[in-house]
Amino acid sequence: MAMSSISRREAIFFTAAACLLPSAASATPDAAKKLLATLGSGTPQLGKVTIVAPEIAENGNTVPITIDVDSPMTDQSYVKTIMMVADGNPLPGVASFDLTPANGRAHVEFRIRLAQTQKITAVAVMNDGSMYTAMKAVKVTIGGCGG
């Protein structure tokens, strides 16, 4: 089996290209706010949303999250979307769930990666366009997104 080799010029090109790629810098709270602003036309109100997450995550690779939204989930009033945003991850939008009244209840459980200690925010967008939110701080002792 023949090994291919690259020229010195190609090696310099690939090294320079790698240096120019954007780094895995963390999102900022402003980037998270901009993302959340795309969800609806109003300001999310505190209430109706409950986040269950560990206060201290020993491993950021797999942090269990549960989100519940107090909603009757009827044709007249239901949660359309639940979005989770983490303002310290490389990309702030970490999860999004679309729901219908057929779901029966607005409840999701999942695991996310958290790069560092940060605030997570859940937003529930209702079928009438109103939004509700909750926030929680999670301390990460071992990073999950390249840490």
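Guide: Let us start with Ser71, which touches Ser77, Tyr78, Val79 and Met126 once residues up to four places away in sequence are set aside; contact here means heavy atoms within 4.5 Å. The model is a predicted one, in which local features need pLDDT of at least 70 and side-chain atom pairs count only at pLDDT 80 or more, while totals for chains, interfaces and linings use all residues. Residues are numbered from 1 along each chain as its sequence is written, and side-chain values use heavy atoms, with hydrogens and water left out.

Ser71 sits in the loop between β4 (63–69) and β5 (79–86). Strands and helices are DSSP runs numbered from the N terminus, with at least two residues (E) for a strand and at least four (H or I) for a helix. Ser71 counts as buried because its relative accessibility is 13%; buried means under 20% relative accessible area, exposed means over 50%, and partly exposed is in between, with a 1.4 Å probe and protein chains only. Met73 belongs to the loop between β4 and β5 as well. At 5% relative accessibility, Met73 is also buried, and its phi is near 55 degrees, a positive value in a residue other than glycine. Another non-glycine residue with positive phi is Lys48, at near 65 degrees. Lys48 lies in the loop between β1 and β2 and, with a relative accessible area of 40%, is partly exposed.

Three strands make an open sheet in the order β2-β4-β7, with antiparallel pairing. The edges are taken by β2 and β7, each with a single partner strand, so one side of each has no neighbour in the sheet. Ignoring direction, neighbouring strands of this sheet are turned by 15 degrees against each other on average; the axes are lines fitted to C-alpha atoms, for helices over the stretch in contact, and angles run from 0 to 180 degrees between N-to-C directions. Two strands are said to pair if DSSP finds at least two bridges between them. The antiparallel strands β4 and β7 are joined by seven bridges, and Asp68 stands opposite His107 in β7.

Ile67 leads us on to the core. Apart from neighbours within four places in sequence, Ile67 is in contact with Val49, Thr50, Ile82, Met84, Ala106, His107, Val108, Phe110 and Ala122. The largest nonpolar core has 29 residues, and Ile65, Ile67, Val79, Met84 and Ile120 have the most contacts inside it. At least two residues of this core come from each of β2 (49–52), β4, β5, β7 (106–112), β8 and β9. A nonpolar core is a set of buried Ala, Val, Leu, Ile, Met, Phe, Trp, Tyr and Cys residues joined through side-chain atoms within 4.5 Å.

Phe110, one of the contacts of Ile67, is buried at 14% relative accessibility. There is one aromatic pair: the ring centres of Phe97 and Phe110 are 5.0 Å apart and the planes meet at 45 degrees, so the pair is tilted. Rings of Phe, Tyr and Trp (its six-membered ring) pair if their centres lie within 6.5 Å, with planes under 30 degrees apart counted as stacked, over 60 as edge-to-face and the rest as tilted. Phe97 is partly exposed, with a relative accessible area of 24%.

Strand β8 (residues 118–126) pairs with β9 in the antiparallel sense over eight bridges, and Lys119 has Ala137 as its bridge partner in β9. The hairpin of β8 and β9 has four residues between the strands, and Gly129 there takes a positive phi near 95 degrees. Strand β1 (residues 45–46) pairs with β9 (residues 131–140) in the parallel sense over two bridges, with Tyr132 as the bridge partner of Gln45. Strand β3 (residues 56–57) and β9 also pair in the parallel sense over two bridges, and here Ala57 has Val140 as its partner.

To place all this in the whole, the protein has two helices and nine strands. Of its 147 residues, 35% count as buried.
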